[in-house]
Amino acid sequence: MKKITLFMVALMAVILTGCMDQHDAPNLDVYGNPSVPEANTTIAQLKQQFKSITSSSGVQQIEDSIIISGVVVADDESGNVYKQIYLRDTTAAIVIGINTTGIYSKLPVGQKIVVNCKGLYIGGYGAMAQLGTLYQGKIGRMSENIWKEHMRTEGRPSLNYKELVPDTIDASWLSSANKDDAPFFVYLKDVTIEEADGYTVYAPEELGDGGNGVNRTLNIGSTTLPFRISTYANFANDYMPNRPFNMNGLLTRYNNDWQITVRTSRDIER
Amino acid sequence: MNKRLALMASACCFSTYLLAQQKDTVAIAESIAKMENADFTFTESQLDEDDDNGRTVNSVLGVNNDLYLSNVGYLFSPMRFRYRAYNNQQSETYINGVQMNDAERGQFSYSSIGGLNDATRNREGSPFLNMNNFGFSALGGSTDINVRASQYSPGNKITLSGCNRNYLARGVYTYSTGLMNNGWAVTGSLAYRWANEGYIEGTFYNSLGYFLAVQKVFNDRHSLNLSTWGSPTERAQQGASTEEAYWLANSHYYNPNWGYQNGEKRNARVVNSYEPTAVLTWDFKINDRTNLSTSFMGKYSMYGNTALGWSGNASDPRPDYYKKLPSGQISGNVFNQPLSDEDIQIWKDAYEYWTSDKAHRQIDWDAMYFANAQQKALGGEALYYVEERHNDQMAFNLNSTLKHSFNKHGAISAGFNINTTKGMHYKTMSDLLGADYMTDIDKFSVRDYGYNSPMIQNDLDNPNRIIREGDIFGYNYNVYVNKANVWSNYQLTKGITTLFAAFRLGGSTIERDGLMRNGRAANKSKGSSGVAKFLESGGKIGLTLKPNGKHTINFGLGYEENAPTAYNAFIAPRLKNDFVDNLTNEEMYTAEASYALTLPRFTMKVSGYYTRFNDLVEMDAFYNDQESRYTYLSMSDIQKEYMGVELAASVKITSNLSLNAIGTFSNAEYINNPNATLTYENESESTPDKVYAKGMKDSGTPLSAYSLGLDYSVNGWFFNVNGNYYHRGFIDFSTYRRLASILEKNASSGTVDENGNPVGVQVPEQEEFKGGFMLDASIGKFIRLKKGRTLSLNLTVNNVLNNTNMKTGGYEQSRDDSYDDGRERPYQFSKHSKYYYAQGINAFMNIGFRF
């Protein structure tokens with residue numbers, strides 16, 4: 001019996017030994033390359049410097065020590081913006097092309113970042129300024145690894161940055177704005193979608209063009225804008241509102257035309 | 001006849017051991033060492049058993065009087081050899097006469113007795129066409145383990161083992177009182193197996209095993225025994241990967257399942273299993289010729305395995321996801337040189353990244369925590385998490401067996417068993433990786449239907465339910481299986497002829513009970529599926545001719561009609577209640593013949609078999625990379641053929657040197673193109689289809705294996721060396737890539753070729769692995785000490801020549817090589833299958849001390 005008791009004690013002792021699948025939570029607060037120095041250039045200055053290149057859809061490697069800083073105002077959360085983010089400071093906004101998905105998991109809207117542009121390429125995609133890499137003689141998306149080398153985050157994301165407040169615009173602003181300064185982060189009031197009838201969805205797969213997008217028509221008073229939605233957006237199959245609404249938008253340029261799109265369906269105020 | 005029965009009854013190791021004690025010590029040492037090693041190697045190979053892969057070995061254990069069967073199981077287990085390539089559900093394990101195979105999936109879980117080798121060594125094995133005392137033996141053979149407290153030899157035994165396999169150290173302590181004068185017997189065993197990191201990087205092992213049996217022998221007619229055991233285990237798993245990843249990591253043992261968290265290794269695929277079981281047995285000796293044995297078994301099995309989950313549009317965190325590999329990043333096809341200069345640069349950059357730091361080719365836990373912290377700062381939910389998929393089970397089993405010998409020429413055994421099983425399937429949030437919550441919706445449905453659709457809800461009755469750690473989410477359903485059987489075996493010997501016949505009659509019911517109303521199947525996911533009922537039957541007959549002591553000729557025929565397993569019976573069990581269309585019994589027909597020769601210095605046995613299956617049902621559930629969504633592919637009306645020859649021979653060259661040969665050449669393949677039902681987890685509807693499976697072989701085992709071995713013993717030492725050659729192993733083919741809807745994309749309508757396949761349909765060939773050679777060696781000694789104490793030492797080295805190029809298995813990626821419009825993809829999935837390799841040189845040292 002003694003032996004059985006001993007046996008039971010040994011049994012309990014082993015049962016009480018802990019489990020091996022236990023780990024401490026890491027506390028990583030910087031993404032990217034912590035040695036990227038402080039910003040020395042505004043986004044407007046950067047765009048101005050390379051304006052002749054970008055507006056002619058050219059491309060050039062940045063050789064100067066240009067460091068910009070800004071807040072992510074558009075990410076790829078919904079899939080409508082894809083493999084890029086829009087970075088904005090108080091002066092202007094620029095598109096950064098990164099050849100990866102799920103960028104928003106690290107760099108969501110509201111994240112302040114610093115980017116060392118030296119070594120990166122700047123060019124015009126449809127004549128709109130974009131940071132990235134060289135791809136078939138044009139501006140293309142850089143690999144995630146190159147991107148991580150050239151940037152660092154600053155603090156946790158917050159929705160309180162003033163960069164996140166869009167510029168309220170209207171039809172007359174549109175007619176006078178310079179396309180070379182695109183992209184813009186804007187707010188529009190009382191707009192309607194021409195194709196909306198309460199039963200039509202934003203971007204059904206069968207309407208997708210070569211770029212997997214669908215162009216709808218946005219009416220701003222008597223002015224119209226192509227309203228572009230990706231068939232991969234997670235709201236592509238939502239019904240479009242058939243009444244006037246206010247919206248946040250990314251106003252972009254594709255060669256000589258304005259285009260507007262949204263980040264997520266939350267940009268369309270219901 | 002009685003002699004035969006006695007032989008079978010004593011076909012257990014302990015009685016062999018006791019008998020042998022009076023004989024020479026070398027034979028004991030050899031048999032013990034061989035046993036220990038066979039046990040170890042065999043059970044070790046079961047450790048990888050998992051829901052989603054068939055990486056297990058299969059054999060009939062405990063058949064000591066068959067030259068082929070007694071060796072083949074452990075000899076070929078490093079290559080995960082399955083006896084006749086049969087699926088594990090074709091073999092049965094009984095404990096004290098209770099059928100222990102899981103009623104839902106049909107297979108026995110070796111991990112339920114993990115580490116308890118000493119307590120489960122008393123086995124009686126029976127191939128399909130043999131008389132036995134416990135049941136209607138299954139096609140792939142049946143084994144009954146005797147766990148009655150009184151049959152263990154009294155005393156203490158400590159076994160200590162060290163090895164470099166799944167675990168590094170093992171300790172087992174077993175104590176038995178034997179049958180005491182007061183009629184009581186108590187036996188206990190405690191085992192522990194451990195590795196902070198096994199042979200494969202990033203895998204740990206932490207397993208306890210306990211066993212306790214108490215028996216009371218009331219008189220020479222009645223005894224009652226209660227045995228209970230369990231093996232709580234926690235272990236991290238290995239994952240298969242592509243040749244490209246293995247090449248980049250410079251190792252065939254690269255494991256994509258782990259990564260660094262805070263600088264420490266963490267594995268994403270951890271199995272937690274524990275199956276406490278108890279069996280109560282009443283033995284009743286009715287008279288000298290008749291015994292009745294009745295057992296009642298209850299078990300509660302807990303099995304969970306963890307996996308990474310990611311939601312929203314977060315990117316795939318698996319380190320060997322194809323887009324992270326050099327050939328997945330370029331815009332050209334790596335098999336179609338030359339590449340453009342840009343592609344070469346991209347490839348080089350990715351190569352550099354993969355090879356510059358080990359952390360770069362492993363899971364980045366810190367990044368997942370970072371992503372969740374980012375969302376948390378904005379009040380958002382988890383993007384990355386670890387989920388645990390549970391397959392729990394509660395089962396009760398009542399079994400009764402009557403054995404009667406008429407006279408010295410005939411014997412009958414008969415019995416019944418009743419099983420009721422409740423399988424519980426659900427997943428829980430295991431770790432939110434720093435986030436506070438997640439919403440229970442299906443991200444793939446969001447893409448198709450938008451956030452506002454009820455279709456996206458996993459739990460429609462609680463829409464947008466907030467999940468926290470420990471909560472059930474995703475799916476939750478029970479499966480009820482009831483089975484009842486009566487059976488009988490009968491054997492009669494007259495002159496040189498022995499006739500054997502057996503039958504079985506049974507019934508089985510299957511029902512799913514959904515506990516969550518799924519948005520994709522709102523009207524058929526919650527509540528009962530209704531009950532599917534099956535009437536099962538089986539019969540077999542065998543004839544053995546023994547013209548003299550030297551020659552034995554045996555013929556046998558058998559058939560069975562079995563219910564499909566509950567696992568295969570539903571087209572998308574996590575989603576809805578629908579049974580597979582036209583669900584019927586699975587039919588099996590088999591025939592075999594053998595010849596055995598027994599001479600004083602030479603013994604041999606050769607046998608051949610043919611087995612045909614009709615109306616099989618198989619279900620594949622997998623994450624579909626092509627569609628990026630979870631997919632169920634259910635095949636029905638499958639026809640399969642198994643055939644082969646087996647040979648075993650042994651020559652005694654001198655009294656202490658013998659040469660043994662074993663080999664098999666077999667085939668196991670699909671012989672038709674079965675119907676299929678395709679269901680995506682994010683859709684309500686299932687689509688009928690067809691799979692071009694004709695000619696595809698069973699995978700996960702070499703179909704041919706040969707072994708030549710030498711046994712030598714001298715002065716209490718014994719040596720064994722075995723050379724094994726394996727070939728005709730095949731990859732697990734993707735049913736998805738062979739769907740008619742995929743293959744007929746480019747087919748010209750109407751015209752068919754000589755095989756009846758539409759012209760233009762190119763059925764992808766199934767990869768055959770290169771064969772290879774492995775050398776195993778062992779050495780041992782048995783030492784008799786004072787006061788009856790004994791010490792046995794044994795060292796086994798497997799794969800002495802360190803052949804690290806032997807594929808034991810693998811699977812094709814479920815994705816085809818072209819886009820929907822027919823354009824070729826740059827990344828050719830057909831050339832990037834995932835593989836497992838047999839372990840390189842590995843050793844097992846065992847010390848057993850009995851006192």
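Biologist: What conventions apply here?
Modeller: Residues are numbered from 1 along each chain as its sequence is written, and chains are lettered from A, with ligands numbered from 1, in the order in which they are written. The model is predicted, with local features needing pLDDT of at least 70 and side-chain atom pairs counting only at pLDDT 80 or more, while totals for chains, interfaces and linings use all residues.

Biologist: How many helices and strands does chain A have?
Modeller: Chain A has 5 helices and 15 strands; helices (H or I, at least four residues) and strands (E, at least two) are DSSP runs, numbered from the N terminus.

Biologist: Is chain A compact or spread out?
Modeller: The radius of gyration of chain A is 24 Å, well over the 18 Å that the globule rule gives for 270 residues, so chain A is more spread out than a compact globule. The radius is taken over C-alpha atoms, and the rule is 2.2 Å times the number of residues to the power 0.38. Along the principal axes, the C-alpha atoms of chain A fill a box of roughly 95 × 50 × 35 Å.

Biologist: And what is the secondary structure of chain B?
Modeller: Chain B comes to 11 helices and 38 strands. Its radius of gyration is 28 Å, close to the 29 Å from the globule rule for 851 residues, so chain B is as compact as a globular protein of that length.

Biologist: What share of chain B is buried?
Modeller: Of its 851 residues, 52% count as buried. A residue is buried if 20 or more other C-beta atoms lie within 10 Å of its own, exposed if 12 or fewer, and partly exposed in between, with C-beta atoms placed from the backbone.

Biologist: Changing topic, which residues of H7(B) are buried?
Modeller: They are Ile346(B), Ala350(B) and Trp354(B). These cover an arc of only 70° around the axis, which puts them on the same side of H7(B); the arc is that of the directions from the helix axis to the C-beta atoms.

Biologist: What is exposed on the other side of H7(B)?
Modeller: Asp341(B), Lys348(B) and Ser356(B) are exposed there.

Biologist: How many residues does the contact between the chains take?
Modeller: The contact takes 40 residues from chain B and 39 residues from chain A, where two residues are in contact if their C-beta atoms, placed from the backbone, lie within 7 Å.

Biologist: Which element of chain B gives the most?
Modeller: H8(B) does, with 8 residues on the side that touches chain A.
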